[in-house]
Structures are given as C-alpha cells and as structure tokens.
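Open the model in your viewer and have the selection tool ready. We will go stop by stop.

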Amino acid sequence: MNYAYIMVHYGELSTKGGNKKLFINCLNRNIRHALSVDFPEAKVTSDRDHTYVEVGDYDVNDLVVRLQDVSGIQRITPVVKVEKDMKVIDETALELIKEEDGTSFKVKAKRADKQFPLDSFGIMREVSAHILRNHKLDVDLHNPEITLTVDIRDTHACISCHTYKGCGGYPLGMNGKAMMLLSGGIDSPVASYLLIRRGIKIETLHFAAPPYTSDAVIDKLTDIIKKLNVYQEDIKLNIVPFTELQLAIYEHVDEPYCITIMRRMMMRIATAVAKDHNCHGLATGESVGQVASQTLESMIAINDVTNYPIIRPLATVDKNDCIDIAKKIDTYEISIRPYEDCCTIFTPKKPKTKPRIKDCEWYESKWDWQSQVEACIKGVKSTFIKNGEIIYDGTNQEEN
C-alpha cells in the first residue's frame with residue numbers, strides 16, 4: 001500500500017496561541033518553495049494541527065528527505081488517510097504492517113476527535129487484536145521493531161508505520177533577519193544554520209584584507225553559502241574592504257589589544273551595514289572561552305560599541321558537537337580548506353583575555369579610525385546567491 005500523504009507535525013508552533021495561524025501560513029509557504037523545484041505538482045494543505053503534502057506520483061522518501069531541511073517542522077509522517085470506521089482502520093493497519101520487516105510490533109493511537117466511539121486505549125486494543133488474529137507477529141510494548149500509529153482526526157483517520165525527525169525550530173522569516181559575521185571557518189556556517197532553524201533569515205558579512213588574505217577565501221564563502229541555500233534559498237554575502245583599517249590597528253595599538261580593537265571596529269561596521277540592510281541584530285560563531293576574544297570580559301569590551309543585539313548560537317556548544325553539525329550540513333570540508341581570513345592572519349602571540357573598555361578607548365584615541373570605518377562601510381560589495389547560483393556579483397545594494 002502506498003502512502004498517499006505526508007503529515008507534517010508543527011512542534012513548537014503549538015505554543016504560539018493567537019499567532020499560530022501566521023506561523024503555519026509562513027511554514028506552508030516555505031514548504032511550497034522547498035518542493036517547487038523537484039516536486040512542483042505536490043499539493044500542500046493544512047489545518048490547525050498539521051500540514052499535509054499530497055505524494056501523488058513522487059517517491060515518498062524523496063519528499064521526506066527534502067522536508068527534513070525545512071525549519072519549523074518537528075516530525076514528518078507518511079500516512080494513509082481513511083474514513084473513521086474501525087473495520088476500515090483495522091484492514092488498512094493490517095495491510096500496512098504486512099509490508100514491514102520485523103517480528104514484533106506495538107500500536108499507538110491518538111484521538112483528536114473525542115466523539116469517536118473508542119478511546120485511545122480501545123483503538124490500540126482493537127487494532128492490535130486484529131493484527132494478531134491475521135498476522136504472525138509478537139506484541140512488544142517496550143522495544144518493538146514496528147510501531148504502527150493510528151491518529152483519529154475530525155474528518156478522517158491517519159495510519160502509518162514510519163515517522164521521521166524534522167529540522168525543528170520555527171519557520172524561516174518569522175523571527176526577523178540578522179547580519180551574520182561569516183569568517184569561513186567551521187563555526188560561523190554552523191551558527192548560520194542554527195539561526196535559520198530558529199526562523200531567523202540571515203545576511204552575511206565578511207571582512208577581507210587583501211593581499212594578506214587570498215581571493216580563494218571568497219570562493220570558499222560562496223561555496224559555504226551554496227550549502228546553506230538548502231535551508232535558506234537566498235543569501236547575500238557582503239564583503240568589507242578591511243585592509244587599511246586593520247593595518248592602522250596594528251600600527252597604533254599594542255599587540256595584546258589588537259584583536260579586541262579589531263573586533264570593536266568590526267562590530268561598528270557590522271552595525272551600520274545591518275541597519276542599512278534592515279537587519280534586526282548581529283550574529284557570530286563565537287563560543288565562550290574558545291579564543292581570547294571570546295572570554296566574557298572580551299565580549300563586554302567588544303559589545304560596548306554597539307546597541308544592536310548580538311546573537312551567539314554557539315555560545316555554549318562544544319567544538320566536537322559543532323564539527324558534527326558542520327558535517328551534517330555539509331560545510332565541514334569547505335571550512336577546512338587552507339585559506340585564512342583576516343582574524344587568523346593577524347593573530348597576536350599573547351592576546352589580552354581580560355581587556356578593559358577604558359584601555360580600548362585610549363588606544364582608539366590615537367588615530368582617526370572613524371573615517372576608516374566610514375570608508376569600510378562605503379566600500380562594501382555584495383554577492384547575492386540563490387538556490388546555489390550567483391544572481392549578481394558587485395556593489396548592487398538592493399534588498400532581497
């Protein structure tokens with residue numbers, strides 16, 4: 001028996017109360033877009049509790065794999081829809097379970113329609129008894145090889161033997177847009193993915209320091225963004241010309257404070273670009289204590305120059321866990337390409353781990369950094385990448 005529908009479970013959207021409809025509508029738009037290229041005929045409908053994707057002539061497994069990349073989906077269940085009649089439910093359940101490999105089973109039931117004559121326990125008992133009478137399987141309530149679910153809805157019943165984990169989080173776009181500082185290392189692409197999963201659309205900002213950094217870094221970033229396009233179809237990459245300002249920092253600032261001052265300048269520039277591009281916050285791939293600029297004392301000194309919220313999705317994430325996520329989203333091999341960014345090229349030998357704001361301000365008083373910051377902001381060049389293709393490459397500042 002072929003599964004005719006895929007039931008999408010909302011997960012966290014169930015907590016949204018009066019705004020739930022807005023979240024569901026956003027999720028459905030994202031689902032339709034995600035399916036539009038490879039599954040253009042797939043029909044998407046929804047009610048308050050679930051979204052349904054009609055399988056049609058497509059392979060149900062291919063649809064499941066694509067839906068697993070859509071943020072806001074908790075679980076994905078291929079189902080057979082039948083009328084709310086126990087004889088029909090029994091026969092459909094038996095037919096489905098006969099197609100499965102395994103020697104043990106259990107039945108799980110949910111009754112959203114409280115007018116249905118049997119309660120959840122009664123449904124489980126009835127369906128299990130019918131299967132035992134007509135098929136050689138053992139019941140195992142703790143570690144079954146097959147779990148059959150029966151879900152009684154208001155207008156129909158859904159029956160399935162499979163369910164898959166979704167991306168979780170919220171529908172992309174429901175929680176605004178952030179400017180992501182993208183270095184090209186392992187961490188910032190993972191942080192980008194975690195932001196997208198929470199429903200935050202990203203735009204990216206990279207600080208380039210040619211000729212000290214290679215042009216290959218930009219190709220590396222572009223390839224990373226193409227991987228992230230799986231989760232967000234369109235992402236802008238903004239490149240900041242940072243060389244002159246960075247050289248000035250190393251000319252006027254004692255080496256231990258160079259990284260702190262550099263990060264303060266980056267935050268000033270990122271804030272201005274984020275405001276200009278209608279972003280609601282900044283985001284980084286920082287993890288607490290991982291390097292000198294990521295101690296809490298350093299973060300205080302760096303955050304001092306902006307009143308924009310700074311989101312750090314990896315703040316408490318272990319490096320090995322971060323690597324696991326990078327491999328999962330297929331950015332790891334790109335991130336470890338041996339092309340360094342401006343942060344790694346100019347790393348001091350003994351960076352300050354507990355910088356003081358008044359010392360930062362004293363160093364910054366030694367030269368006219370304001371004009372250099374303005375030059376960086378004016379010199380930003382943008383590349384717009386959509387569905388793995390470069391749409392434009394240059395100084396076009398139109399908002400996507």
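This tour of a predicted model visits a helix and then several salt bridges.

**Stop 1: helix H5.** Select residues 187-197. This helix is mostly covered, with 10 of its 11 residues buried. Among them are Pro189, Tyr193, Leu194 and Ile196. Now step just past H5 to glycine 199, which takes a positive phi of about 85°.

**Stop 2: lysine 319 and aspartate 187.** Which partner is buried? Aspartate 187 is, at 11% relative accessibility, because the cut-off for buried is under 20%. Lysine 319 has a relative accessible area of 32% and is partly exposed.

**Stop 3: lysine 227 and aspartate 330.** Select both side chains; they meet in a salt bridge of 2.6 Å, N to O. Lysine 227 belongs to helix H6 (residues 216-228), while aspartate 330 lies in the loop between H10 and helix H11 (332-335). The partners are 103 residues apart. Lysine 227 is partly exposed at 29% relative accessibility, and aspartate 330 is partly exposed at 41%.

**Stop 4: a network.** Select Arg264, Arg268, Asp304 and Glu364 together. Salt bridges with shared partners join these residues into one network.

**Stop 5: aspartate 151 and arginine 153.** Both residues are buried. Their salt bridge has its closest N and O atoms 3.2 Å apart. To keep exploring, note that the structure holds 16 salt bridges.

Note on methods:
Residues are numbered from 1 along each chain as its sequence is written. This is a predicted model: local features need pLDDT of at least 70, side-chain atom pairs count only at pLDDT 80 or more; totals for chains, interfaces and linings use all residues. Side-chain values use heavy atoms; hydrogens and water are left out. Buried means under 20% relative accessible area, exposed over 50%, partly exposed in between (1.4 Å probe, protein chains only). Helices (H or I, at least four residues) and strands (E, at least two) are DSSP runs, numbered from the N terminus. A salt bridge is a side-chain nitrogen of Lys or Arg within 4 Å of a carboxyl oxygen of Asp or Glu.
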